[in-house]
Amino acid sequence: MWRLNRVRHKAGRQVGSSEQVRLKRREQERALRQARRDRQLVSKRLLLNEDEEQPEVTMDTMSGEQDVVSLLHKLQPSGPERETHLRALSHALRGPSAQLSFIKQENSMHLLVGLLTGSNAQCRLHAVRCLHELSHSPHTNVAPACLPATPYLLTYLSGQSTKFTELCLYTLGNLFPDSDIVKEKLLAQGIIPALANSLENQRHNLSVVEAVGFTLSQLLQAKDAAEKIIPQVLASSLPSQLLSVLTPDANFGLAPAIECAWCLHYLACSEDNRELLACGALLQCSSLLLSLGDAVVEGKKEEGLELLVCPVLRCVGNLLSLCPVDSLSTQVGDVRLAAAVCVLLQAYPHTKPALARESAWVLNNLTAASSDFCSALLSLNLVPGLIQLLPFSQGINTMVLRVLANIAYKKKEFCVQLAQLGLVSTLCATLKMADQEMVTLSLEVLFLLVLSTQQVADEFVRLGGVSLLEAIQYNSEGEMRRRAAYLLEHHLLTHSSDPTVDNVP
């Protein structure tokens, strides 16, 4: 039975345990998406005017409300001052109380939509700026009030100036989190094909590409995205367009790639992401990881690089769990990916431990069913670096030890090489840890090593391993105690020199 239990940690590969692993990972992914939602993208974005460095200080409540009422009256008649009044209104709408005052005024949104669709280009720009300020409101009842403008915002995504298109995109993206009604209306109005069309037409315009990525990522984080949104996105041209933004290019800029990578991450978390595999997402993301690994080796850790590394790692890890074993080499490229992931793993354990843990998870998925990647870790001399990470906490060491268990499980020759690289003495240290999962995994790997050759058992005994196992046997319960007892009784205390012993209960 032990032999059947020893590979349960392998992500999405073993019959009988793969569903449990996948469900657990999806729970973790939901938590990660929630954390990102709270800290980053679903927090609304406010575009500043070109002549601004910081948002202006909001006027006092009474003054802001009075200015909104006054400006609305001044905007009623057409005339040369309309543009000036509209600019002033956009500034006044930065105050939360002024935003509420605006939506309470009769025909205020009708007036704004009229200016948005009028013939005066500058008035259209200031009108969309007003809508953008409203979309940034902390009050949840403001977003539904903007619904009369959304069909026009979608229409304008296919043309107008870059600044105008950006404002429309960020305004739409800001409206999603506050209102399911707005989201449903926009889906019905065709926001997904509109975003696909905008990305296709503006793919060389970095600021618009970034804005499309932001707006789409907002949409993909909706509670019902898996049922109502992701299938539509996967059926559109958006996945291939998002992947094209990931093409490694030093001059392309990180921001658009970051936004589009997060979109791909949300898509890869869906229940059935085989469409992404079919359009080459795993190969493209693996290629990007190779480039990111090279950049880290060269010391090019530019600001924001980790924001790109994180979603790309998650895309690769999730797609690996569904990739057929026989097509892994075709989908991934070559074994250099293992080296690139190891570079990222070793670059971030101190500064970004969560990234190091994600890297170790991807490495686990790479090695779970592929002897080629296990062999690559040994032949490229990457295992010593992994062994050095075993003292780290925060889940890094447990995932790294799972990778080493994957290697040990493949071949006895691999076990011998692991022992020669000093893993046995390191296991003596990990067996003393307070982390029960770490101790259980250490016992699992030790069993595989001891089973491979008598020399490993001799070394473990020489290093005082018997007393360690006896301590676990008498001070622990359940699985740890059972495994320690089995090792002592069948492989260590008997100290058999017969290398053919290979019977497992």
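How many disulfides does a search of the whole structure find? The search finds zero. The model examined here is predicted.

The cysteines were then considered one by one. The sulfur of Cys279 has its closest cysteine sulfur in Cys285, at 9.2 Å. A disulfide requires the two sulfur atoms to lie within 2.5 Å. The distance from Cys279 is therefore too far for a bond. Cys279 is partly exposed, because its relative accessibility is 34%. Cys168, in contrast, is buried, with a relative accessibility of 0%.

Aromatic rings were examined next. The structure holds four aromatic pairs. One of them joins Tyr170 and Phe214, with ring centres 5.1 Å apart. Their planes meet at 40°, so this pair counts as tilted. The pair links distant parts of the chain. Tyr170 belongs to helix 10 (residues 162-175), whereas Phe214 belongs to helix 13 (residues 206-220). The two residues are 44 residues apart. Tyr170 is buried, at 4% relative accessible area. Phe214 is also buried, at 0% relative accessibility.

Burial also marks helix 6, which spans residues 108-116. Seven of its nine residues are buried, so the helix is largely enclosed by the rest of the structure. The buried residues are Ser108, Met109, Leu111, Leu112, Val113, Leu115 and Leu116.

Helix 18 (residues 274-278) contains Glu275. Glu275 is partly exposed, because its relative accessibility is 39%. Glu275 and Leu234 are 41 residues apart in sequence. In space, their C-alpha atoms are 6.7 Å apart.

Definitions and conventions
Residues numbered from 1 in each chain as written. Predicted model: local features only at pLDDT ≥ 70, side-chain atom pairs only at ≥ 80, totals over all residues. Heavy atoms only, no water. Buried < 20%, exposed > 50% of the residue type's maximum accessible area, 1.4 Å probe, protein only. Helix = DSSP H or I, 4+ residues; strand = E, 2+ residues; numbered from the N terminus. Phe/Tyr/Trp six-rings, centres within 6.5 Å; stacked < 30°, edge-to-face > 60°.
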